[in-house]
Amino acid sequence: MCLGIPARIVEMHETQGLPMGVVDFGGVRREVCLAYVADQVKPGDYAVIHVGFAISKVDEEEARRTYEVLREMSQLDELEWLKEVADRAEGV
Amino acid sequence: MKYLTEYRDGRVARALIEEIRGTATRPWVLMEVCGGQTHTIVKQGLDELIGGAVEMIHGPGCPVCVTPLEQIDKALALAARPDVIFTSFGDMLRVPGSECDLFQIRARGGAVRVVYSPLDALDLARKHPDKQVVFFAVGFETTAPANAMAVWRAQQLGVTNFTVLVSHVTVPPAMTAILDSPDNRVQGFLAAGHVCTIMGWTEYEPISAKYRVPIVVTGFEPIDILEGMLMTVRQLEEGRHDVENQYVRSVKRDGNQPAQELVSRVFHLVDRKWRGIGEIPGSGLALREEFAEFDAERRFAVEGIHTEESPACHAGEVLRGLLKPFECPAFGKECTPEHPLGAPMVSSEGACAAYYNYGRFRATAPSDV
């Protein structure tokens, strides 16, 4: 039930004094309540959405930093990835 | 999707699994608190992949599973009233009450509607002024701000035909209850990332210090969970017991302050019964006196509830991590997701349903570290 999905904020408005907005979940759009993140977000930002409420702004800096650590641990780099794609294309 | 698919990369997962297996010098017993994490772990078979290094015990963090039977029975009684439109999150509809479930009430003509957001329930009340709209306000700290907002808005907008049937629970007292139990085996926790998105993690610091258990705030994707496991195992191997944060892209130490403020304005802490577990002191939220007019239990007399659990159901032992779902004699026989005897077989986040849906009918032999 505590499911939260990251979505991109498309637009922000107020409905009878309540901060609301439209978010995009990879193509599916929905109106959600932005009251709990209103002072931190702007259109284009990502927020975690739970039962129609944005509960946090996704911290892009932190996300990028941890992903770098994980990528290094798994020794993945772009060249390696390109080679994999090429190999697959050749049916290796 | 951004911030989702990259946390499902198989190559990163494999590297993390190797790292966990290389770090653990003995098997460690960890508990993931949240049912959403249980779902990911069982679906992806993460517990099998790290078998031998880490044993995962599935925690009680599934609101559908722990909502007490009395509250389910009250929901059924309210939903059966001709003047009521009963609204709920979808996963509560098949939770068995003493006699039936909300789906059956709907089949008998009760107005039961699934809503995505509690604000949708409030909108429904405004559109149907001739009806009483009741919303089943269940959930953990993650959901409490949404439910608090619906009540707050109802008061602000003067909506008089909207009430909530509250059955809110909070995580830290349940973790303490697990650690206090004489048969506890948990050595480290993956704390629930979205609960901590709201609450932050300061409440967990006294728990980790008192019980000397590492607690790592963890997200929900496979990579998040594996990284949370690795961070916990590292602490255990180093003899540390700190609160750490894996889910840095969403969780800050102090959580979401505006959300906490509205929750404490609308709700206050009470003792709450957990289905299958029993009463846990200070583990629930109830409406404050200023919002009593929005309390469905006060507006409608819901009395004369006599609860009756299925005697064949071992949900309590599963929820406390004492039994694996397949060790219950009813699992997959009398009890299936189509005909659940207990709540953990209903919700996709319940351990029993996760084991059933992903074909876990027996233990898998742990592989060597």
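## Packing of helices 7 and 8 in chain B

In this predicted model, helix 7 (residues 118–127) of chain B and helix 8 (residues 144–157) of chain B pack with their axes 8 Å apart and at an angle of about 25 degrees. Angles under 35 degrees count as roughly parallel, and helix 7 of chain B and helix 8 of chain B are therefore roughly parallel to each other. The crossing of helix 7 of chain B past helix 8 of chain B is right-handed.

On the side of helix 7 of chain B, the contact is made by B:Pro118, B:Leu119, B:Ala121 and B:Leu122. Helix 8 of chain B contributes B:Ala146, B:Asn147, B:Met149, B:Ala150, B:Arg153 and B:Ala154. Sorted by class, the residues in the contact of helix 7 of chain B with helix 8 of chain B are 8 nonpolar, 1 polar and 1 charged.

## The six-stranded sheet of chain B

Chain B contains an open sheet of 6 strands, arranged in the order 4-3-5-6-11-10 and with mixed pairing. Strand 4 and strand 10 (267–274) of chain B each have a single partner strand, so one side of each is left without a neighbour in the sheet. From one strand to the next, the twist averages 25 degrees.

Several pairings in this sheet are parallel. Strand 3 of chain B pairs in the parallel sense with strand 4 (residues 111–114) of chain B over 4 bridges, and B:Ser88 stands opposite B:Val114 in strand 4 of chain B. Strand 3 of chain B also pairs in the parallel sense with strand 5 of chain B, over 4 bridges; here B:Phe86 has B:Val134 of strand 5 of chain B as its bridge partner. Strand 5 (residues 132–139) of chain B and strand 6 of chain B are parallel as well, paired over 7 bridges, with B:Phe135 opposite B:Val164 in strand 6 of chain B. In contrast, strand 10 of chain B and strand 11 (residues 278–287) of chain B pair in the antiparallel sense over 7 bridges. Within strand 11 of chain B, B:Ile280 is the residue opposite B:Arg272.

Strand 3 (residues 84–88) of chain B is largely enclosed by the rest of the structure, because 5 of its 5 residues are buried. B:Val84, B:Phe86 and B:Ser88 point one way from strand 3 of chain B, B:Ile85 and B:Thr87 point the other way, and all are buried. Strand 6 (residues 162–169) of chain B has 8 of its 8 residues buried, so strand 6 is also largely enclosed by the rest of the structure. Both faces of strand 6 of chain B are covered. B:Phe162, B:Val164, B:Val166 and B:His168 are buried on one side, and B:Thr163, B:Leu165, B:Ser167 and B:Val169 on the other.

Helix 9 (residues 171–180) of chain B lies across strand 10 and strand 11 of chain B. Relative to strand 11 of chain B, helix 9 of chain B runs at about 175 degrees.

## The five-stranded sheet of chain B

A further open sheet of chain B is formed by 5 strands in the order 2-1-7-8-9, and its pairing is parallel. Its edge strands, strand 2 (54–61) and strand 9 (243–245) of chain B, each pair on one side only. The twist averages 25 degrees from one strand to the next.

Strand 1 (residues 28–34) of chain B pairs in the parallel sense with strand 7 (residues 188–192) of chain B over 3 bridges, and B:Gly188 in strand 7 of chain B is the bridge partner of B:Leu30. Helix 12 (residues 222–238) of chain B lies across strand 1, strand 2, strand 7, strand 8 (215–218) and strand 9 of chain B. Helix 12 of chain B runs at about 145 degrees to strand 7 of chain B.

Chain A comprises 2 helices and 5 strands, following the pattern β-β-β-β-β-α-α along the sequence. Of its 92 residues, 32% count as buried. Among contacts in chain A between residues at least 6 apart in sequence, 28% join residues at least 24 apart.

Between the chains, 30 residues of chain A are in contact with 44 residues of chain B. Strand 4 (46–50), strand 5 (53–57) and helix 1 (60–73) of chain A are the elements that give two or more residues to the side of chain A that touches chain B. Helix 1 of chain A gives the most to this side, with 7 residues. By class, the side of chain A that touches chain B has 19 nonpolar, 8 polar and 3 charged residues.

Key:
Residues are numbered from 1 along each chain as its sequence is written. Chains are lettered from A and ligands numbered from 1 in the order in which they are written. This is a predicted model: local features need pLDDT of at least 70, side-chain atom pairs count only at pLDDT 80 or more; totals for chains, interfaces and linings use all residues. Axes are lines fitted to C-alpha atoms, for helices over the stretch in contact, and angles run from 0 to 180 degrees between N-to-C directions. Angles under 35 degrees count as roughly parallel, over 145 as roughly antiparallel, 65 to 115 as roughly perpendicular and the rest as oblique. A crossing is left-handed if the near helix is turned anticlockwise from the far one by less than a right angle, and right-handed if clockwise. Two residues are in contact if their C-beta atoms, placed from the backbone, lie within 7 Å. Ala, Val, Leu, Ile, Met, Phe, Trp, Tyr, Cys and Pro count as nonpolar, Asp, Glu, Lys and Arg as charged, and the others, Gly among them, as polar. Two strands pair if DSSP finds at least two bridges between them. A residue is buried if 20 or more other C-beta atoms lie within 10 Å of its own, exposed if 12 or fewer, and partly exposed in between; C-beta atoms are placed from the backbone.
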